[in-house]
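Colleague: I am new to reading protein models. Could you walk me through this one, feature by feature?

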Amino acid sequence: MQVTLLLCVGTLAAAPLTLKKAEPAAALSPAQKADYAKVIQPLFEAHCVSCHGPKKEKGKLRLDSLEATLKGGKNPTFTLGRPDSSMLLARVFLERGAGDVMPPKAERPLTEKQKEALYSFIEGQPIPADLAKAASADTQAALAAAKPTAPTDSPTRK
Ligand code: HEC
C-alpha cells in the first residue's frame, strides 16, 4: 500500500496537470461537453440524481451538473483519460450482488450500453454514435418505466 502511495505521489509530481483531483470543466473539449449533455447527464438524472443531487448528497457526491460530477464527493470520481483508476466507474461496474454497487442493488441497474458509454466518456474519447444512441435509448426506457406519465415540464435534451 505504501509503495503504491509513493508511486502515486511520484507520478503526481511528474504530471501535475493530468492527475489533479478535480478537473475544471473548461478542460473538456466541446465534443466531450456535448457527449456529457446528451448522454451522461440524462443517464445520471435517471439513475443517480435521486441520491446524488439537490435532495440527497450521498457520499457527499452530486451528479446533477458537470462541475459537481468533476468535483467528486468524499473521493474523486474520475480523471478523464484514466478510466482504470476511476472510483465511479469501479462502482458502476461491480457485480450486481456487490454491496458497493452503484446504483444500489434495490435500484434499476445500468445496462451494458450505459456502462460502456460512461466508460467511453471517462476514457476521454468521443462516445461512438451508435453507442451513444443505444445508451440514450436505455436511459429513456428507464425514465419511462419510472414515470409512466412522462413529465411535460422538463425541457427535452437533444
Ligand atoms: C438509492 C440511492 C442511490 C442511488 C440511486 C445511487 N447512489 Fe451512489 N451512493 C449512495 C450512497 C448511500 C452512497 C454513500 C455510501 C457509499 O459510498 O456506499 C453512495 C456513494 C456513491 C459514490 C462514492 C462517493 C464518494 O466520494 O465516496 C459514487 C462514486 C456513487 N455513489 C456513484 C453513483 C452513480 C454513478 C449512481 C448512478 C449510476 C449512483 N451512485 C446512484 C446511494 C445511491
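This is a predicted model: local features need pLDDT of at least 70, side-chain atom pairs count only at pLDDT 80 or more; totals for chains, interfaces and linings use all residues.

Colleague: Is Lys60 buried or exposed?

Modeller: The general idea is to count neighbours: a residue is buried if 20 or more other C-beta atoms lie within 10 Å of its own, exposed if 12 or fewer, and partly exposed in between, with C-beta atoms placed from the backbone. Lys60 has 11 other C-beta atoms within 10 Å, so Lys60 is exposed. Its phi is near 60°, a positive value in a residue other than glycine.

Colleague: What share of the 158 residues in the protein is buried?

Modeller: Buried residues make up 25%.

Colleague: And how many helices and strands are there in the protein?

Modeller: Here helices (H or I, at least four residues) and strands (E, at least two) are DSSP runs, numbered from the N terminus. The protein has 6 helices and 0 strands, so its elements read α-α-α-α-α-α from the N terminus on.

Colleague: How do I read the way two helices pack, say α2 and α6?

Modeller: Axes are lines fitted to C-alpha atoms, for helices over the stretch in contact, and angles run from 0 to 180 degrees between N-to-C directions. The axes of α2 (residues 30-47) and α6 (residues 129-146) come within 9 Å and cross at roughly 30°. Angles under 35 degrees count as roughly parallel, over 145 as roughly antiparallel, 65 to 115 as roughly perpendicular and the rest as oblique. That is why α2 and α6 are roughly parallel to each other.

Colleague: Which residues in α2 and α6 meet?

Modeller: Two residues are in contact if their C-beta atoms, placed from the backbone, lie within 7 Å. On the α2 side, those that meet α6 include Asp35, Lys38 and Val39; among their partners in α6 are Ala132, Ala135 and Ser136. The contact of α2 with α6 has 8 nonpolar, 3 polar and 2 charged residues. In this scheme Ala, Val, Leu, Ile, Met, Phe, Trp, Tyr, Cys and Pro count as nonpolar, Asp, Glu, Lys and Arg as charged, and the others, Gly among them, as polar.

Colleague: Where is Ile122, and what does it touch?

Modeller: Ile122 is in helix α5, and it is buried because 22 other C-beta atoms lie within 10 Å. Not counting residues up to four places away in sequence, Ile122 touches Phe78, Leu80, Pro83, Ser86 and Leu89. Ile122 and Pro83 are 39 residues apart along the chain, yet their C-alpha atoms are separated by 5.6 Å.

Colleague: What about Lys113?

Modeller: Lys113 is in helix α5 too, and with 19 C-beta neighbours inside 10 Å it counts as partly exposed. Leaving out residues up to four places away in sequence, Lys113 touches Leu131, Ala134, Ala135 and Asp138.

Colleague: Which residues come nearest to the ligand?

Modeller: A residue is near a molecule if its C-beta atom, placed from the backbone, lies within 6 Å of it. Of the 23 residues around the ligand, Cys48, Cys51, Lys58, Gly59 and Gly73 come nearest. Helix α4 (residues 87-92) gives the largest share of this shell, 4 residues.

How values were computed. Residues are numbered from 1 along each chain as its sequence is written.
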